[in-house]
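Reader: Could you walk me through this one? I'd like to ask about a helix and some cavities.

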Amino acid sequence: MLCKRKYSKLCLILALLLSASTILSCGDSENDADPVVTTATSSESTDAGDARVSIDDELPDKDFGGETLTILAYYAGKTPDVPLFAPEEASGDVVDDAIYERNVRIEDRFNCVIEEFDPGLTDWSEHTNFIKTSVMAGEDEYDITYNHIIGGPNISLDGVFMNLYDLEYLDFTKPWWSQQMIDEMTLRNQIYLVGDVIGLDALQSAKVLYCNKEKFSDYNLDLPYQDVIDMTWTMDNFISLVKDVYEDVNGNTERDNEDFYGYISHASQNGWLVSCDVPVLEKDPEETLVIAVNGEKVASLVEKVYKLYYESEGSLIISGSDPVSGLSETDWQAELFAEGHGLMAFSLIRHASTTFRQSNVEYGIVPFPLWDENQESYRTFTGGNLIGIPVTVSDTEMVSILFEALVAESYKTVVPAYFETALKEKFTFDSESGQMLDIINNCLTISFAYAYDNWKGFGHMMGAIMAGSNPSPDYASFYASRISSAEERLKLITDFYEANE
């Protein structure tokens, strides 16, 4: 839950005290051996870890007689060597083994089998249709499905998923459930999809800023760690830091991808609405959604982002896939930063353990900035896959119990293995980045408007404005052109929820 401003600095300080300080010494980036890590532990962090594990999930003692819980995975054609949700054996990797051991504990406790199925579909719309077709045919094949963040909500409006409030053993008051997520995704006492609370996708998909530490030093700039803590890391301060940084590295007098820029991003990055606390939809006292994204603040945000992207010398803004490698724009911009072309770059947390793992760039990590110093808290937009329970599931007691057990055990052991051990110790270059990750993790924010928008409303508006064929800072004109389709989409959503009260 987001901290109120009068408590925000205290919240940040407590987060820092609870985190273990880590100092990472990196050797040759091509060496497959783990880097040397020195970790300073504290009684506070140990106690916090023990407290997690000791929380009682209060689930009943049940013997499911060897029944199988099947998780339908979604890898978008990038199936990992080790299954993310049901590894077949321990591999020696700290995160994979934490997942494997979590499943073993649950299987032993409830006499069940946990397995996953990957249909191998590379296109998200095909995956979405695969789920819908199965459910509409009445097939009870998958107990838990991973769904594309737009495709899943779309078919939820066709009645594909259960209302999770109807599952007896899901206890949304427990700490393994994000209260922000539950509140945001609930409408009229219904919630059909939640973020990835079993795996790590919600955290790995968080949108953050990476800083090239060597270049900060070359430019005699201070990394913005203290600004983050002081709650002075604002949109204006961020823009002033990057907008004038440019070097014609290859000397061809042309701005191209071989040069050095203050900021690298792709044009369709939609996280600004969340990070700058601009609500798209709001609930009135009758639990009716209303469109809220109008007024001076959103117009000012659009203008600031437009000027940063298209009127600042320091910005490299890409669009679409890399024409050479075929990388998606999100992975392409990460690759550009990894090759040393940016002072700062928008990217995802997952890139720390993937793209940046083999990079020679030493980086720091900070959250996206506040809109201004009056904003109560940082807000880190996260997307990733959404989880649903198909309406065709027959044994709702088993699925309810095992779903809650998976979420609880992930909170207790899997998330710490990734967050504290792998991410902080192996994939950061300074203790301050670990502190920033605590702040980021404490303010993860999911958006109902983004998930249910289907590109017809305002949830994806920053991308629609900035990545279109004719980008413009004129928000009033965009609002006028979009409001009709946004209202039509909102009516479709509202009608579904009202019909299922």
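Reader: Which residue with a positive phi follows helix 4?

Author: Quick ground rules: this is a predicted model, where local features need pLDDT of at least 70, side-chain atom pairs count only at pLDDT 80 or more, and totals for chains, interfaces and linings use all residues. Residues are numbered from 1 along each chain as its sequence is written, and side-chain values use heavy atoms, leaving out hydrogens and water. Helices (H or I, at least four residues) and strands (E, at least two) are DSSP runs numbered from the N terminus. Helix 4 covers residues 124-136, and the residue after it, with phi near 80°, is Gly138.

Reader: How far does helix 4 reach from its first C-alpha to its last?

Author: It has 13 residues. The expected span is 1.5 Å times one less than the number of residues, which comes to 18 Å for helix 4. The model's reach is close to that, at 18 Å.

Reader: On to the cavities: what is the volume of the largest cavity?

Author: A cavity is a set of points on a 1 Å grid over the protein atoms alone where a 1.4 Å probe fits but cannot get out, and lining residues have an atom within 4 Å of a point. Grid points are joined across faces, edges and corners, and volume is the space filled by probe spheres set on the points. The structure holds two cavities of 30 Å³ or more, and the largest has a volume of about 120 Å³.

Reader: Which helix gives the largest share of the lining of the largest cavity?

Author: There are 15 lining residues, with Leu281 among those nearest the centre. Helix 16 (448-452) and helix 18 (475-499) each supply at least two. The largest share, four residues, comes from helix 18.

Reader: Is Leu281 buried or partly exposed?

Author: Leu281 lies in strand 10. Its relative accessibility is 24%, so Leu281 counts as partly exposed.

Terms used: Buried < 20%, exposed > 50% of the residue type's maximum accessible area, 1.4 Å probe, protein only. 1 Å grid on protein atoms, 1.4 Å probe; cavity = no way out; pocket = protein on both sides within 12 Å on 5 of 7 lines; lining within 4 Å.
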